[in-house]
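Here is a tutorial dialogue on reading a structure. Please look at the sequence and the model before going on.

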Amino acid sequence: MKKVLFALITMSLGVAVFAADGKAQQEGCLSCHEGIEQFADGEMMDQIKTLAEDYNDPGGCVICHGGNPGATTAEEAHQGSPAELVEAGGPHVFYPDPGAVWIADNSCGQCHAGYAERLSKSLMNTEAGKLQGNLWSWGVQEDHKVIWGNYDLVDEDGPEPMVGTDAYIEYMTKFVADHPDQMPSEMKQVPQVDVDAIAEHPNMAGITYSRQQCQRCHVGVTGREKRGDYRGAGCSSCHVPYSNEGLYEGSDPTIAKDQPGKLLVHRLQATRKSKVTVGDLTYSGIPSETCNSCHNRGKRIGVSYQGIMEFPYGSPYTATGGKQPKLHTKNYVFIKDDLHHQVQSRPENPEGGMLCQDCHTTVDMHGDGNLPGTTLAQVEIECEDCHGTVSKFPWELPLGHGEEHATDIGDTPRGLTDELTAEQETFATVYDAEDGYLLTARGNPFGNVVKKGSKVFLHSASGIDFEVPILKKIAQDGTWKSQNAKVAMGSVARHMESMECYACHADWAPQCYGCHITVDYSEGKTDIDWINNANAREENGLTADNPLGTNGLTSAGKVSETRSYLRWEEPTLGINGEGRVSPLMPGCQVITTVIDKDGNTVVHNETWMTPDAGGTKGLDHAAVQPHTAGRQARTCESCHDNPKALGYGISDGRFMRGYEDGFIVDLETASGQIIPQNTQLQSQPVPSLDHDLSQIVTRDGKQLVTVGSHWPLTGPLPQAMREKMERTGLCMGCHQNMTDDDLWSKVNSPKFVNNAEHQAVMDQAVHALAKEKAKNQ
């Protein structure tokens, strides 16, 4: 099997290993797996070993894996499970990967009750948001109501969460009632495509695209066998380390060290108290790259957090003239990592950076037992939860701050707490509450973020402790890093009231414009179908894609895709689902060619209409938290003097025009007539693409493309806001007077004037105007 906690009992040369009867009876699984790393330490492992004593397995393996510890051959050892263990709720058969979500109730769930159910309903398993976003752009989705997931699922216990504080449960019960489209009570498995109907309904090829290209990252399957994508299933997706190379570096003699697809070592990675040793290095917490085995496509937040973005070139060359090794099947260029990450940017924090889990809570990861349909429905945290605002400390903010959804949330302070949830007390690393734990926007305690005196500290799972910058304290102490920051946050109150922090503090965002897709059903073409894989499971919990050397089941159709162009700088701004100004990035900007089973091209470079704004093209721009935060925010000019930021496209949409006609490049007359008779189109036409893909709205307010697919509040910046914001051409407010030689000679300096001197002149002009107005009052 591939990506499993225990490889089959074979040496790297393929010779079966047999244990002597006596040794097997004495040592159980360790009679063959001698030297394997003990999975955990402390109380957890003590409990496992104590339970295993009844089954003559001193290593405790049988409690999680099942199997027959006293067997003398690999085949016998990896079958069945002790009857008493089955009756006690343990493994029913041998589980190669005990973390697989479909059997985790009988393995991990023996101690971690409820986690498997929560995870099965979470976005990490259903991928409901991804499905809706894609099918929206293909014109399949009719409205914002979440319908489809990877599985047929029903939230049988109703809208009240399985976990959380009383405040959280009350908050989320109301949230579900207020947002029924985004918090459904059930989901249906996205259907197979009727290949015979594709000629009549070619946009249904979007389902093939989703099933084959987009759904491999959920925790119900083990994913593809590519560098950077190796991982376990279910709980093991995150809690068992896999390197990008997929090679085993532990001491179990039965696990081949030269075959990709293996765990790095047989250890649990979790919180600060769970230590993992690989060679001479010991770490704690879950490395960000573990998250990136999935979070490298779509919003790309994982790789962006590390500071890298895909690019086509693969430079610089290796010493032998080769290109980069592909990672997640792509080449990457380093741009700048998020300030919370700060590994590549060491001068900013020589100790190191934060892990994804330091901000994201157990609810963000495992879910709470409800069925969220989008990221904003599941994630419970906001930047202000730790940093506060200029006018309020985090504990002075009301619950719901940052995710108002255009409603009045009141002003009752959320406060602090000295109590953790039962889940945190039992499984997490417990830190001293000091003056109190900070609370999330929905009322759960951050078990690792505490107030101590006038300061706030975050305890990272890595072992590093960070002091958190608090905006109100910065304002009170006057310790602003720049005048720009003081003005933007302290003087322009509207910024803090209506914008996401990362609208300014996201240094960059990956922008992949144009998703050109061909779906070809001719000649019996097929490809991997990840939803078929996910729903074809063995009794041991493993899905059809698990056997090493195969990616499992297929379905009709073969997808190929490419793009128009890439950008990273100064993302466009729009309104997100919470009603706040947010960066946008190209979402599913599908430009489609579909070939039916008979080889007929039924649509060529087609875009589909969505329900957004009464009908717009499915060239989506999606609101995003890019996870590229920087201390120095984007400049005022990058928004107020930038047509792209306002939604008008790069340089006001002046470029990348004419794609609706395509073009030929060859000898031509001065009037543009092509001279040769034997020629061909250099660029095929995209009939509906009469604007740059970076443009979302015209200056007179016509929305050209869809913005978001999940929430009714998402959209471009409103017309009135754009008009208030725009200061394009501001230089001409002064410099238009250069044509008046007499006037200009009175204010102009004969020498070169630098930026600071320019600003001083404008400052003088403001003060002069103020004096003039005061004189006339």
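Q: How many residues does the largest nonpolar core have, and which have the most contacts inside it?
A: A nonpolar core is a set of buried Ala, Val, Leu, Ile, Met, Phe, Trp, Tyr and Cys residues joined through side-chain atoms within 4.5 Å. Buried means under 20% relative accessible area, exposed means over 50%, and partly exposed lies in between (1.4 Å probe, protein chains only). In this predicted model, the largest such core has 23 residues, and Leu-573, Val-581 and Leu-717 have the most contacts inside it. This is a predicted model, in which local features need pLDDT of at least 70 and side-chain atom pairs count only at pLDDT 80 or more, while totals for chains, interfaces and linings use all residues. Residues are numbered from 1 along each chain as its sequence is written, and side-chain values use heavy atoms, with hydrogens and water left out.

Q: Which elements give two or more residues to this core?
A: Helices (H or I, at least four residues) and strands (E, at least two) are DSSP runs, numbered from the N terminus. The elements in question are β16 (573–575), β17 (581–595) and β21. The largest share, 3 residues, comes from β17.

Q: What does Val-581 touch?
A: Contact means heavy atoms within 4.5 Å. Not counting residues up to four places away in sequence, Val-581 touches Ser-498, Met-499, Glu-500, Ala-503, Leu-573, Gly-574, Ile-575, Leu-717 and Met-721.

Q: Which residues does the second, separate core include?
A: That core has 21 residues, including Val-140, Cys-515, Val-559 and Val-594.

Q: In what order do the 4 strands of the open sheet run?
A: Strands of a sheet pair through backbone hydrogen bonds, either parallel or antiparallel. Two strands count as paired if DSSP finds at least two bridges between them. Here the order is β8-β9-β10-β11, with antiparallel pairing. The edge strands, β8 (437–439) and β11 (465–467), each pair on one side only.

Q: How many bridges join β9 and β10?
A: Strand β9 (residues 445–452) and strand β10 (residues 455–459) pair over 4 bridges. Val-449 stands opposite Leu-458 in β10. Their hairpin has 2 residues between the strands, and Gly-453 takes a positive phi near 65° there.

Q: How many bridges join β10 and β11?
A: This antiparallel pair has 3 bridges. Asp-465 in β11 is the bridge partner of His-459. The hairpin of β10 and β11 has 5 residues between the strands, and in it Gly-463 takes a positive phi near 105°.

Q: Is Ser-683 buried or exposed?
A: Ser-683 is buried, because its relative accessible area is 15%. Ser-683 lies in the loop between α25 (643–646) and β21 (705–707).
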